[in-house]
Structure formats: C-alpha cells, structure tokens
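Welcome! Here is a short briefing to read alongside the sequence and the 3D view.

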Amino acid sequence: MLMRTDPFREIDRLAEQFFGTAARPAMMHLDAYRDGDYFYAAFDLPGIDPDSIDCTVERNVLTVRAERRRPGSDNVELVAAERPMGTFTRQLFLGDTLDTDKLEAGYDNGVLTLRIPIAERAKPRRVTITANGGGRRQINA
C-alpha cells in the first residue's frame, strides 16, 4: 500500500490542477496544421469519455470542452490522485478562410481530431484579363 507523508500535498495538487505544471499543464495540448485543402486541429484528451466532449463554433471561435471524471462509487478509497480531473476548455480563433459549416470531428485513441475545409473563396483562382485588342489571356490571382 502507498503511504503519503506530505501534509501539503493536497494543496499542491489543487494548485497544479488549476495552474498546471511544466510537466502537466492544466490545458489541452494541441497540434494544428494544414494539409492540402484542409486545416486540422488535434487535441490530446486521454481518458476522456467521448460523450463528455462538446465542440461548438460561434462567430469563427471554436470551443472544445471535455470532462474527465473519477471512476468508481462512494465506497472507493483513493490511494493516489495525480491525474487532473474536471472540465477542460480550449478556444481557437478561426480565420474567415475556413468553411466551419463543413467541420468534421473524430475521437480515436484519446485524440480529438477536427478537419475543417479551406473555403473556396480562399483558394487561388484564375482571373480572365481582356486586352484592348480583344485578345484574352489568363493569369493566376
């Protein structure tokens, strides 16, 4: 059985949960990248029940909220409790160049991955130029 002798450990644990530490920040870790015509955002959410994840977009602000709960019942005696529990929230400000109406989300192996297509208006397109002589040619815009 584990023995704890530090009387201030509970205070330290609460401070770590709210403020985080260098090894365990109190926020979701994120990778964001563009691949072709899509923008991806991958959030690390290990141990999170997929039903507790809430993802919303309002005025180009993406909000991801997830909750990690302690397993068990009232009869469970915690011997060590170092993993942060509670509700985690992260917001991303998305540019107008993304089509948030077609956002797709998937959760696999503790990673929430969002796939957002680049809006058609943000993609390069050809513009037709007419010359005074009536000839036409195309250039990249």
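Leaving aside its neighbours within four places in sequence, which residues is Leu45 in contact with? They are Met28, Ile53, Ala66, Tyr107, Gly110 and Leu112, where contact means heavy atoms within 4.5 Å. This is a predicted model, in which local features need pLDDT of at least 70 and side-chain atom pairs count only at pLDDT 80 or more, while totals for chains, interfaces and linings use all residues. Residues are numbered from 1 along each chain as its sequence is written, and side-chain values use heavy atoms, with hydrogens and water left out.

**Overall picture**

- The protein has 1 helix and 9 strands; these are DSSP runs numbered from the N terminus, with helices being H or I of at least four residues and strands E of at least two.
- Along the sequence, the pattern reads α-β-β-β-β-β-β-β-β-β.
- Of the 141 residues, 23% count as buried, meaning under 20% relative accessible area with a 1.4 Å probe and protein chains only.
- Among contacts between residues at least 6 apart in sequence, 45% join residues at least 24 apart.

**Confidence**

- The average pLDDT, the predictor's confidence in each residue from 0 to 100, is 80 for the protein, and 75% of the residues score at least 70.
- Strand S7 has the highest mean pLDDT among the elements (96), and strand S9 (residues 136-140) the lowest (60).

- Asp31 has Ala42 in S2 as its bridge partner.
- Between the two strands lie 2 residues, and Gly36 in this hairpin takes a positive phi near 65°.

**The largest nonpolar core**

- This core has 18 residues, and Phe43 and Leu45 touch the most other members. A nonpolar core is a set of buried Ala, Val, Leu, Ile, Met, Phe, Trp, Tyr and Cys residues joined through side-chain atoms within 4.5 Å.
- Two or more residues come from each of S2, strand S4 (61-68), strand S5 (86-93) and strand S7 (111-117).

**Around Thr63**

- Thr63 sits in strand S4 and is buried, with a relative accessible area of 9%.
- The side chains of Thr63 and Gln91 are joined by a polar contact of 3.1 Å.
- Leaving aside neighbours within four places in sequence, Thr63 is in contact with Asp54, Cys55, Thr56, Thr89, Arg90 and Gln91.
- A polar contact is a pair of N or O atoms within 3.5 Å; within protein, one must be able to donate a hydrogen and the other to accept it, and residues adjacent in sequence count only if both atoms are side-chain atoms.

Terms used. Pairing = 2+ DSSP bridges. Buried < 20%, exposed > 50% of the residue type's maximum accessible area, 1.4 Å probe, protein only.
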